Amino acid sequence: MAEQIKDFVLSRSEQVPVVAKTDVVVVGGGPAGLCAAISAARNGCSVTLIERYHHLGGMASGGMVLVLDDMVNQGDEIVTTGIVSEFVDRMAQQDGAVYPPPEDCVKSWEMWQKWSRWGCINFHETGMPQSILHAVAFDPDAWKRVSLDLVREAGVNLRLHSWFSEAIMDGPLVKGVICQTKLGRQAIMADMVIDATGDLDLASSAGASFINGQYIVTTVFRLMDVDTDKAEAFQYAEPEAYKKLDREARRVIGGSWGMWWLKTPLPGVVWCNCPHMTGYDGLSPEGMVAAEYEGRERMMNMLAFARENLPGFENAKMLGAAEQLGIRQTRLLQGEYVVTKDDVKSRRHFSDSVCRGRDYYTPYRALLPKSIDNLIVAGRHYSVDSAGQKMSREIPPCMAQGEAAGIAVSLALNAGSALRDVDATLIQKGMRHQGADPGDVPSSNALVEEMEG
């Protein structure tokens with residue numbers, strides 16, 4: 001965890017200028033925050049969206065996590081929909097997204113060879129071939145463009161280059177946030193706030209309860225000038241030779257998923273969701289700098305190996321590493337309900353489910369902190385235990401959380417009520433109205449219990 005500081009200095013008191021007053025402020029312009037801001041604005045709220053980087057999209061764009069998955073329940077039931085579907089459609093219109101048509105989503109060697117290198121496989125299945133399912137390979141710059149379009153169309157007040165600093169509190173009420181900018185510290189006042197930081201920065205500043213977790217980190221990178229047709233032909237024509245070289249490649253990179261490279265919508269450009277590195281604290285500047293050094297050393301070692309040994313990679317060049325280090329787990333809210341690993345594994349259905357992932361459900365209570373008002377959380381830092389988060393942190397379900405949070409704050413504002421008093425069935429209706437599946441109707445493989453809590 002982050003280092004313990006022993007020396008301190010006293011900071012001068014200051015007057016912080018208020019640069020915006022808004023119904024809702026969303027902190028974090030990643031996938032969850034984007035959907036939260038768009039959803040709240042579409043439901044009639046004035047919304048200010050704060051993001052520290054120069055772009056929107058978080059781990060989907062700056063972090064280059066370039067496959068959307070965890071959207072399909074058992075079989076071919078697509079359950080994570082809504083604003084995420086709008087992103088996919090718009091990127092596809094710009095030749096920035098690739099995904100299999102429904103007729104290709106079957107279990108066969110033919111389809112596996114056609115789609116596996118796009119990442120459109122059911123990686124939860126054991127045995128080969130794995131089934132093809134609805135997943136989306138996309139281009140990170142297409143995500144950035146679509147993000148700006150949707151935010152602008154929704155009328156969101158966007159403030160990039162603004163680094164969250166602290167919550168403005170009035171007792172247990174969050175009244176706004178202070179951000180650090182090139183012009184100094186600036187305040188944004190709001191009636192409702194949404195923490196979509198990924199690391200629970202806002203909620204922890206407000207005094208919400210949380211635990212610290214840690215998981216692998218990754219410096220994702222892309223290679224260009226790869227002959228993917230030649231690489232795939234070698235894999236299928238000489239499977240034993242391929243397996244030997246692939247094992248060595250994964251040893252060189254020092255940690256990766258089964259497929260260390262995947263195709264992207266850009267011809268000749270492949271995505272490498274590796275190296276995976278353990279022992280780094282995603283809250284520690286020193287730890288994150290060390291991960292940057294190690295990750296770049298490993299990726300260059302991999303490039304040298306691939307150029308020398310792998311058919312199709314002879315002319316490969318380093319296109320670049322992601323702008324953001326891939327952090328999977330840090331602080332996790334401990335809210336009104338804490339989702340457990342067993343909840344996720346057993347597909348436990350909740351009566352107050354407001355969004356869902358692959359085959360798991362997220363109750364509204366898991367987005368709400370205890371004892372803090374005017375605050376809701378959306379993203380990988382929601383109220384869940386560490387083991388459960390590792391199974392339920394993918395981008396599409398986090399987007400669904402954001403969409404639900406946007407609806408929840410609009411309902412609270414319209415009713416003049418606290419967020420914890422919002423009727424979850426109204427959020428469910430709002431999600432359905434926006435084309436999203438809130439998980440109010442359990443799938444056939446869900447664990448439905450009479451008493452929940």
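Biologist: Where does Ser371 lie?

Modeller: Ser371 is in the loop between strand 21 (361-363) and strand 22 (375-377). Keep in mind that this is a predicted model.

Biologist: Why is Ser371 called exposed?

Modeller: Its relative accessible area is 60%, and exposed means over 50%, so Ser371 counts as exposed.

Biologist: What is the phi of Ser371?

Modeller: Positive, about 70°, although Ser371 is not a glycine. Most residues other than glycine have a negative phi.

Biologist: Which loop holds Leu200, and what is its phi?

Modeller: Leu200 sits in the loop between strand 9 (184-195) and helix 5 (201-206). Its phi is positive too, about 65°, and Leu200 is not a glycine either.

Biologist: Is Leu200 buried or exposed, and how do you know?

Modeller: Buried means under 20% relative accessible area. Leu200 has 0%, so it is buried.

Biologist: What about Lys230: why is it called partly exposed?

Modeller: Lys230 comes out at 39% relative accessibility. You'll find Lys230 in helix 6. Leaving aside neighbours within four places in sequence, Lys230 is in contact with Pro311, Gly312 and Glu314.

Biologist: Why are helix 6 and helix 7 called roughly perpendicular?

Modeller: The axes of helix 6 (residues 228-237) and helix 7 (residues 239-253) cross at roughly 115° and come within 5 Å. Roughly perpendicular covers 65 to 115 degrees, so helix 6 and helix 7 get that name. Their contact involves Phe234, Gln235, Tyr236 and Ala237 of helix 6, with Pro239, Ala241, Tyr242 and Leu245 on the helix 7 side.

Biologist: And what makes helix 11 oblique to helix 12?

Modeller: Here the axes of helix 11 (residues 395-415) and helix 12 (residues 424-433) cross at roughly 120°, coming within 9 Å. Perpendicular stops at 115 and antiparallel needs over 145, so helix 11 is oblique to helix 12. The crossing of these two helices is right-handed. Residues making the contact include Ala400, Glu403 and Ile407 of helix 11, and Leu426 and Gly430 of helix 12.

Biologist: On to the rings: how many aromatic pairs does a search of the whole structure find?

Modeller: Eight. One of them is Phe138 with Trp143, a tilted pair with 5.0 Å centre to centre and 40° between the planes.

Biologist: What makes the pair of Tyr337 and Phe350 edge-to-face?

Modeller: The planes are 65° apart, with 5.3 Å centre to centre, and over 60 counts as edge-to-face. Tyr337 lies in the loop between strand 18 (331-333) and helix 9 (341-345), and Phe350 in the loop between strand 19 (348-349) and strand 20 (353-356), so the pair ties together parts that are 13 residues apart in sequence.

Biologist: How do you know that Tyr337 is buried?

Modeller: Its relative accessible area is 11%, and the cut-off for buried is under 20%, so Tyr337 is buried. Phe350, at 1%, counts as buried too.

Key
Residues numbered from 1 in each chain as written. Predicted model: local features only at pLDDT ≥ 70, side-chain atom pairs only at ≥ 80, totals over all residues. Heavy atoms only, no water. Phe/Tyr/Trp six-rings, centres within 6.5 Å; stacked < 30°, edge-to-face > 60°. Helix = DSSP H or I, 4+ residues; strand = E, 2+ residues; numbered from the N terminus. Buried < 20%, exposed > 50% of the residue type's maximum accessible area, 1.4 Å probe, protein only. Axes fitted to C-alpha atoms, helices over the stretch in contact; angles between N-to-C directions. Parallel < 35°, antiparallel > 145°, perpendicular 65-115°, else oblique. Left-handed = near helix turned anticlockwise from the far one by under 90°. Contact = heavy atoms within 4.5 Å.
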